[in-house]
Amino acid sequence: MGKYRITDKELKNLVPKSTAYKVRIDSNFYLVVYPSGKKSYRLRAYNNSSETTITLGCYPDLSLKEATERYKELHKPSTIESYFQKVDSKTFEEYAKLYMLENQVSSKYSKTRLERFENHIFPHLAHLKMHQITNKLVKKIVMDIQASGKLVTGQRCLTLIKQVFEHCSSEDCDVNLNFSAIRKCLINPKPKNFTAATKVSSLKKVLSGIKEMNVSEMIRLNILLGR
């Protein structure tokens, strides 16, 4: 690696936007600026056919010089291999079970949650290590669920996968998927709209009946309505 292509002052002046964006520092080494204003150094690491993202720290807690030194150390083949061995310690199913164990819910939802994992998610992801799971794979899983007519289940399964990855990250397994982009590809179930569901002919019939009411019937109707 040569001299980094951005200065500490330039990092300080980076302003947040409506969506997160990356600023390249060097090959596979960049800073992510989030809408909240948080700035995180990231390293994209490769080992054979596998890849993952490693968080080096946050700016300004970690200066550009310090982050660059960490990048140089982690960029060594022996360090990368060691990191991947650490990432490979658990499968998706193992992380999912830890997530369910540490996030207790009502017995009714617990059963529903487990069924979603066992019926829709585990058949595809259970045996995979976290870094082997890609955006493309997760997108296919949830879109196939929706294609079978289970629109809500597809949305819920994506949320569960996201929550497992968040739990995985809390255990120092920094694997990132773009869940927001995947969710945009899904169909949103139409909310129940009882007004829209009511037939126009039925409404006309009710209005016609009200018009034909005599004075005493109107008074009785107002009493029933609490007026």
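This report walks through a predicted model of one protein chain, from its overall make-up to single residues.

## The chain as a whole

The protein chain has 11 helices and four strands. Of its 227 residues, 34% are buried. The chain exposes about 14,700 Å² of surface. Carbon and sulfur atoms supply 53% of that area.

## Helices α4 and α5

Helix α4 covers residues 92-102, and helix α5 covers residues 107-125. Their axes come within 11 Å and cross at roughly 165°. Angles over 145 degrees count as roughly antiparallel, so α4 is roughly antiparallel to α5. The crossing of α4 past α5 is right-handed.

Which residues make the contact? On the α4 side they are Phe92, Glu93, Ala96, Tyr99 and Met100. On the α5 side they are Arg113, Leu114, Phe117, Ile121, Phe122 and Leu125. By class, nine of the residues in this contact are nonpolar and two are charged. None is polar.

## Helices α5 and α6

Helix α5 also packs with helix α6, which spans residues 135-147. The angle is about 150°, and the axes are 11 Å apart. The two helices are therefore roughly antiparallel to each other. This crossing is right-handed.

From α5 come His120, His124 and Leu125. They meet Leu137, Ile141 and Ile145 of α6. Sorted by class, the contact has four nonpolar residues, two polar ones and no charged ones.

## A cis peptide bond

Most peptide bonds are trans. Where is a cis one found here? A cis peptide bond joins Tyr59 and Pro60, with omega at about 10°. Pro60 sits in the loop between strand β4 (50-59) and helix α2 (64-74).

## Leu177: a buried loop residue

Leu177 lies in the loop between α7 (151-170) and α8. Is Leu177 buried or exposed? Its relative accessibility is 15%. Buried means under 20%, so Leu177 counts as buried.

What does Leu177 touch, leaving aside residues up to four places away in sequence? Its partners are Ile133, Thr134, Asn135, Val138 and Phe165. Leu177 and Val138 are 39 residues apart along the chain. Their C-alpha atoms are separated by 9.0 Å.

Val15 is in the loop between α1 (8-12) and β1 (21-26). Its relative accessible area is 53%. The cut-off for exposed is over 50%, so Val15 is exposed. Val15 still touches Tyr21 and Val33, not counting residues up to four places away in sequence. Val15 and Pro35 are 20 residues apart in sequence, and their C-alpha atoms are 8.7 Å apart in space.

Ser180 belongs to helix α8 (residues 179-184). At 52% relative accessibility, Ser180 counts as exposed. Lys162 is 18 residues from Ser180 in sequence. From C-alpha to C-alpha, Ser180 and Lys162 are 9.9 Å apart in space.

Key:
Residues numbered from 1 in each chain as written. Predicted model: local features only at pLDDT ≥ 70, side-chain atom pairs only at ≥ 80, totals over all residues. Heavy atoms only, no water. Axes fitted to C-alpha atoms, helices over the stretch in contact; angles between N-to-C directions. Parallel < 35°, antiparallel > 145°, perpendicular 65-115°, else oblique. Left-handed = near helix turned anticlockwise from the far one by under 90°. Contact = heavy atoms within 4.5 Å. Nonpolar A, V, L, I, M, F, W, Y, C, P; charged D, E, K, R; others polar. Buried < 20%, exposed > 50% of the residue type's maximum accessible area, 1.4 Å probe, protein only. Areas by Shrake-Rupley, 256 points an atom, 1.4 Å probe, with all protein chains shown as cover.
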